[in-house]
Each structure stands twice: as C-alpha cells, then as structure tokens.
Amino acid sequence: MLNSDETILLIEDDRVDIMTVQRALKQNEITNPLYIARTGLEALNMLRGKGGLEKISPAPSLILLDLNLPKMSGIEFLRELRSDPELKELHIIVLTSSNEPKDRAAAFEYDVDDYIVKPHSFDEFTRAMATILAFWE
C-alpha cells in the first residue's frame with residue numbers, strides 16, 4: 001500500500017467517475033490525500049504550481065489518468081509530462097473507458113505503469129482499484 005503521507009492525483013473530468021474512484025478508495029480503506037484535476041492542463045499546473053494553483057508537494061506517488069479529457073487529452077498530458085525533467089519520473093496508471101489498441105499503444109509509448117479499462121460495475125471498479133493499489137505494496 002501507499003504510505004499514508006503519499007498523495008494520489010486523479011485526472012478525470014467525469015463527476016460520476018470521480019465519485020466512483022473516491023468510493024473505491026474508501027472501500028479499500030485508502031485514506032491518502034487525493035487531488036483531483038479535471039483537465040490535463042489543470043493537472044500540469046497543479047504539479048508545477050502554476051496558473052494560480054498551489055503545487056502538490058510532495059509530488060504525487062501515483063497519478064490516475066483518464067485519456068478522454070477536455071482541453072488537453074491524456075496522451076497530450078503524457079507527452080508534456082514526460083518532456084519535463086522534474087516530472088518525467090512520476091508513476092502513471094491510465095484509467096480510461098477507451099479499449100482502443102491505438103490508445104493503449106500511445107499510452108505505453110510514454111512509459112505508463114499500467115493501462116486499465118474502467119469497469120462498468122462498482123464492485124469491479126473496487127477490485128480494479130485494489131489491484132492498482134496492490135502494485136504499490
């Protein structure tokens with residue numbers, strides 16, 4: 001598990017999916033600080049402390065990234081993140097509704113740690129979150 005002081009950044013624009021992640025974390029007894037960005041651009045600003053946003057400090061131990069985001073897609077976010085010397089080593093798990101092979105391939109080009117297609121039921125989502133978090137044990 002993550003140490004209790006390690007943070008998680010969720011980059012997700014869908015309100016229902018945000019609540020589902022929050023519920024799944026709670027169900028898995030994960031109480032780590034959770035930051036939420038609704039766009040890739042907002043996430044970059046949070047990671048850099050720009051755009052009037054306070055910098056997430058320490059940097060998140062885990063980023064959960066949706067690919068279908070407004071303003072800046074998840075792939076564009078990955079491209080920008082991996083080109084930043086201060087952020088390029090962050091751990092990212094793609095958590096998206098896209099099961100497209102081209103999206104999966106594009107994400108892995110940017111060294112994501114895993115690619116998980118969002119399950120449809122809450123129980124499956126909770127199990128998926130448990131699997132994600134077990135990766136950090």
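Modeller: What follows starts with the pocket, then turns to the overall fold and to some backbone details in the loops. Please keep in mind throughout that this is a predicted model.

The largest pocket holds about 150 Å³ of space, and its lining is made up of Asp 17, Thr 20, Ser 97, Val 117, Lys 118, Pro 119, His 120, Ser 121, Phe 122 and Phe 125. Two elements, helix 1 (15-27) and helix 5 (122-134), each give two or more residues to that lining. Rolling a probe the size of a water molecule over the atoms shows where empty space is left.

Taken along the principal axes, the C-alpha atoms fill a box of roughly 35 × 35 × 25 Å. Of the 137 residues, 47% are buried, and among contacts between residues at least 6 apart in sequence, 65% join residues at least 24 apart. The accessible surface comes to about 7400 Å², with 47% of that area belonging to carbon and sulfur atoms.

Some backbone details in the loops also deserve a careful look. Most residues other than glycine have a negative phi, and most peptide bonds are trans. Glu 29, in the loop between helix 1 and strand 2 (34-37), has a positive phi of about 60° although it is not a glycine; with a relative accessible area of 70%, Glu 29 is exposed. Asp 111, which is also not a glycine, has a positive phi near 55°, and its place is in the loop between helix 4 (101-109) and strand 5 (114-117). At 58% relative accessibility, Asp 111 counts as exposed, since the cut-off for that word is over 50%. Finally, the peptide bond from Ser 57 to Pro 58 is cis, with omega near 0°, and Pro 58 lies in the loop between helix 2 (40-48) and strand 3 (62-65).

How values were computed: Residues numbered from 1 in each chain as written. Predicted model: local features only at pLDDT ≥ 70, side-chain atom pairs only at ≥ 80, totals over all residues. Heavy atoms only, no water. 1 Å grid on protein atoms, 1.4 Å probe; cavity = no way out; pocket = protein on both sides within 12 Å on 5 of 7 lines; lining within 4 Å. Points joined across faces, edges and corners; volume = space filled by probe spheres on them. Helix = DSSP H or I, 4+ residues; strand = E, 2+ residues; numbered from the N terminus. Buried < 20%, exposed > 50% of the residue type's maximum accessible area, 1.4 Å probe, protein only. Contact = heavy atoms within 4.5 Å. Areas by Shrake-Rupley, 256 points an atom, 1.4 Å probe, with all protein chains shown as cover.
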